[in-house]
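The sequence and structure are shown first.

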Amino acid sequence: MKKVNKSIFILGLGITGMSLAQKLGSRFSRITCWDDNQLKREEANKKGVIVLNPLIENLKGIDLVVASPGINHKKKNPHIAIQNTKLHNIKIISDIELIKILNIPNKLIGITGTNGKTTTTKFISDTLNFENFLDIKACGNIGIPFTELDIQNNTVLAIECSSFQLSKVSKLRFHIALLLNISSDHLDWHLNMDNYIEAKTNIFKNQMPNDYAVVCLDDEYSEKVCVSFKNNFKGELIKISTKKIVKDGIYIINKKNKLVIFNSFEKQELYIDKKKINFTISNANLQNLLATYVVNYILKHSNKKFSQAISLLKTPEHRMEFIGKFKNINIFNDSKSTNISSAKSALTDSVNIFWILGGRAKKGGLNGLEKELDNVLYAFTFGESGKQFSNFFRSKGINCICKETLEEIIPLLIDKAINHEKNINIIFSPAASSYDQYNNFEERGVDFKNLIKEEINVRRQTN
């Protein structure tokens, strides 16, 4: 690949920023970097990365600033580096925009949505890699920078795209772009729903008529995107749904022993035996599976091979992950549930629920979940939002125990569950961010699993 005669400044040296700085040094005329964390700067220096304070004078001659996804470049008082960048009229981009700037010609599949991005990206990669149908590699917000991949001429990139990344997209073009769903989230960053929706729909903005735009109609915001799609975008729209019949699209129906995908374009039905499915069959995962089917269909992967590949799919960690069974209880870890939209799916797909939730509440708290509470027998709240959430449940007539930490909750939870006359589904679906007590949802999920396993092991030994 040819060298790009541009000087770039990388703001934020997390996994992606550090990878860009190390792997792209020979591709640009100059790369300099900064991170507010001194330990990150020291690590970068040891790796031979040039660290430079983003003072006004140090940004002269910079062509592009690659800002870490979490850095808000649009708020009134942004990071000082963003302020200085704007004084120089330097273009601000996200890491994935570099794929276009580097003229990487490979076919791109973009996946976004408030929920389900990681699972769908993984499902797409696993099904299309089945028996070497395609050389497809997953990257982006899934946790793998594209710079860490061995990209060959025939490699297809499946890119998980966050709203933060998409808000900085300029010319990046996706051959296939998927919008799974939109619900209220990250409004502290985007400020309002209009900005959030605009960021999400940026995934379609550079598509041409021979590209494909896949939109799920299962929520009101995405449905509105479909209604106005032709006025705003050029890609070929494919409508999908898990909740309604789409006569001019593709939809899925969940029957007793099988799933049925109806493809109106081919006038065909695909039957999937539930016994061959190894991931949790929730409405969220039906949406993820349907989106995956559509990508396989567009890329001409046969129904037979797609059906065979389904048996290999597994739910990623912390996403309605089945932990195990103990006596009369089934236990699920849904730590990735950081908003009420993702929690809704967990609540509607199960019965006799003992629900564990809490953390740093999103705007609006649990308002909007009232209709999903019929299956909740007991609630257990913890963390910064514990009291707020427990007050919500008590106002709805649902029994609730509130404690400071998960460690305090687990023994009480198991006691009440094993002494209940019904079979109980324990669901850890926090409906809030993890940042009050944990560094991320992964750390929170691991803690939950460890605490559950320790408690069950103790009870097995004492019985």
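## Basis of the values

The model is predicted: local features require pLDDT of at least 70 and side-chain atom pairs count only at pLDDT 80 or more, whereas totals for chains, interfaces and linings use all residues. Residues are numbered from 1 along each chain as its sequence is written, and side-chain values use heavy atoms, with hydrogens and water left out.

## Cysteines

Across the whole structure, the search returns zero disulfides, a disulfide being a pair of cysteine sulfur atoms within 2.5 Å. For cysteine 33, the closest cysteine sulfur belongs to cysteine 139 and lies 20 Å away, too far for a bond. Cysteine 161 also has its closest cysteine sulfur in cysteine 139, here at 8.4 Å, which is again too far for a bond.

Cysteine 33 is buried, at 0% relative accessibility; buried means under 20% relative accessible area, exposed over 50%, and partly exposed in between, with a 1.4 Å probe and protein chains only. Cysteine 161 is likewise buried, with a relative accessible area of 0%.

## Aromatic pairs

The whole structure contains 15 aromatic pairs. Rings of Phe, Tyr and Trp (its six-membered ring) pair if their centres lie within 6.5 Å; planes under 30 degrees apart count as stacked, over 60 as edge-to-face and the rest as tilted. In one of these pairs, phenylalanine 123 and phenylalanine 279 have ring centres 5.1 Å apart and planes at 45 degrees, so the arrangement is tilted. This pair links distant parts of the chain, 156 residues apart: phenylalanine 123 is in helix α5 (residues 117-128), and phenylalanine 279 is in the loop between β13 (268-273) and α11 (283-298). Helices (H or I, at least four residues) and strands (E, at least two) are DSSP runs, numbered from the N terminus. Phenylalanine 123 is buried at 0% relative accessibility, and phenylalanine 279 is buried at 4%.

A further tilted pair joins phenylalanine 382 and phenylalanine 428, with 6.2 Å from centre to centre and 35 degrees between the planes. The partners lie 46 residues apart, in strand β17 (residues 376-382) and strand β19 (residues 424-428) respectively. Phenylalanine 382 is buried at 1% relative accessible area, and phenylalanine 428 is buried at 0%. Separately, Phe204, Phe229 and Phe233 form one aromatic cluster.

## Charge over a ring

Lysine 336 lies over the face of phenylalanine 441, at 5.3 Å from the ring centre. A charge sits over a ring if NZ of Lys or CZ of Arg is within 6 Å of the ring centre and within 35 degrees of the ring normal.
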